Amino acid sequence: MSHVRIIKKYPNRRLYDTDISSYVTLEDVRQLIVDGESFVVRDARTGNDITRGVLMQIISEHEEHGQPIFTTELLTQVIRFRGDSMQGFLGSFLERSLQFFLEQQQQVRGQIGQLVGQSAPWVLLNQLTERNLEIWRSFQQGLTGSTGAAPPRKPARPLKPRGR
């Protein structure tokens with residue numbers, strides 16, 4: 001099992017990283033996350049795990065600057081969902097959705113990496129287009145239950161001459 005860093009939060013709101021025996025900032029903790037470090041934040045007095053609260057504080061501070069990830073509408077919906085009988089499912093749904101998004105992002109990055117290595121980049125773009133079209137056709141078939149073939153067209157009726 002990998003090593004988990006212990007960060008203690010003191011009543012004066014200072015964070016102390018026990019691995020490096022030094023006080024750290026929220027930005028330092030954010031960098032640990034970016035670097036993939038495992039850690040837990042504990043209340044120095046009680047020993048309670050307060051990691052989630054510190055993570056929420058980091059998110060909150062970063063949402064104030066630049067392009068926010070969480071829109072007002074999204075946050076409103078999350079607040080409304082609290083206390084709902086389906087509340088327990090929301091967290092796992094969001095986690096799975098984000099995991100799916102990250103996997104798709106990795107695939108796109110890999111394909112772009114291949115694109116850079118190819119002498120004809122349009123080949124990869126054509127492959128991506130064909131794949132997306134096939135996914136779209138499958139999606140449409142699932143919705144309509146059809147084979148995706150266009151329905152036969154009726155022959156056009158001749159126009160009646162207008163009477164004068």
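Which residue is the bridge partner of Lys 9 in β2? The legends below begin with the whole chain and reach that pair in the third view.

**Figure 1. Overview of the predicted model.** This structure is a predicted model. The protein contains five helices and four strands. Read from the N terminus, the elements run β-β-β-α-β-α-α-α-α. The protein has 164 residues, and 11% of them are buried. Its accessible surface comes to about 14,100 Å². Carbon and sulfur atoms hold 57% of that surface. Among contacts with a separation of 6 or more, 39% join residues 24 or more positions apart.

**Figure 2. The four-stranded sheet.** The strands form an open sheet in the order β3-β2-β1-β4. Pairing in the sheet is mixed. Strands β3 (22-24) and β4 (39-43) stand at the edges. Each has a single partner strand, so one side of each lacks a neighbour in the sheet. On average, neighbouring strands are turned by 35° against each other, direction ignored.

Figure 3. Strands of a sheet pair through backbone hydrogen bonds, either parallel or antiparallel. Here β1 (residues 5-9) and β2 (residues 15-17) pair in the antiparallel sense, over three bridges. The bridge partner of Lys 9 in β2 is Leu 15. Helix α2 (residues 51-63) packs on the sheet and touches β1 and β4. The direction of α2 makes about 105° with that of β4.

**Figure 4. Salt bridges around Arg 5.** Side chains of opposite charge can pair when their charged atoms come close. The structure holds four salt bridges. In one of them, Arg 5 meets Asp 17 at 2.9 Å, N to O. Arg 5 sits in strand β1 and Asp 17 in strand β2, twelve residues apart. Arg 5 counts as buried because its relative accessibility is 12%, under the 20% cut-off. Asp 17 is also buried, at 2%. Arg 5 forms a salt bridge with Asp 19 as well, at 3.9 Å, N to O. Asp 19 lies in the loop between β2 and β3 and Arg 5 in strand β1, so this pair ties together parts 14 residues apart in sequence. Asp 19 is partly exposed, with a relative accessible area of 39%.

Figure 5. Glu 27 forms a salt bridge with Arg 30, and their closest N and O atoms are 2.8 Å apart. Both residues lie in helix α1 (residues 26-34). They are three residues apart, about one turn of the helix. Glu 27 is partly exposed at 37% relative accessibility. Arg 30 is partly exposed at 25%. Elsewhere, salt bridges that share partners join Arg 5, Asp 17, Asp 19 and Glu 37 into one network.

Note on methods:
Residues numbered from 1 in each chain as written. Predicted model: local features only at pLDDT ≥ 70, side-chain atom pairs only at ≥ 80, totals over all residues. Heavy atoms only, no water. Helix = DSSP H or I, 4+ residues; strand = E, 2+ residues; numbered from the N terminus. Buried < 20%, exposed > 50% of the residue type's maximum accessible area, 1.4 Å probe, protein only. Contact = heavy atoms within 4.5 Å. Areas by Shrake-Rupley, 256 points an atom, 1.4 Å probe, with all protein chains shown as cover. Pairing = 2+ DSSP bridges. Axes fitted to C-alpha atoms, helices over the stretch in contact; angles between N-to-C directions. Salt bridge = Lys/Arg side-chain N within 4 Å of Asp/Glu carboxyl O.
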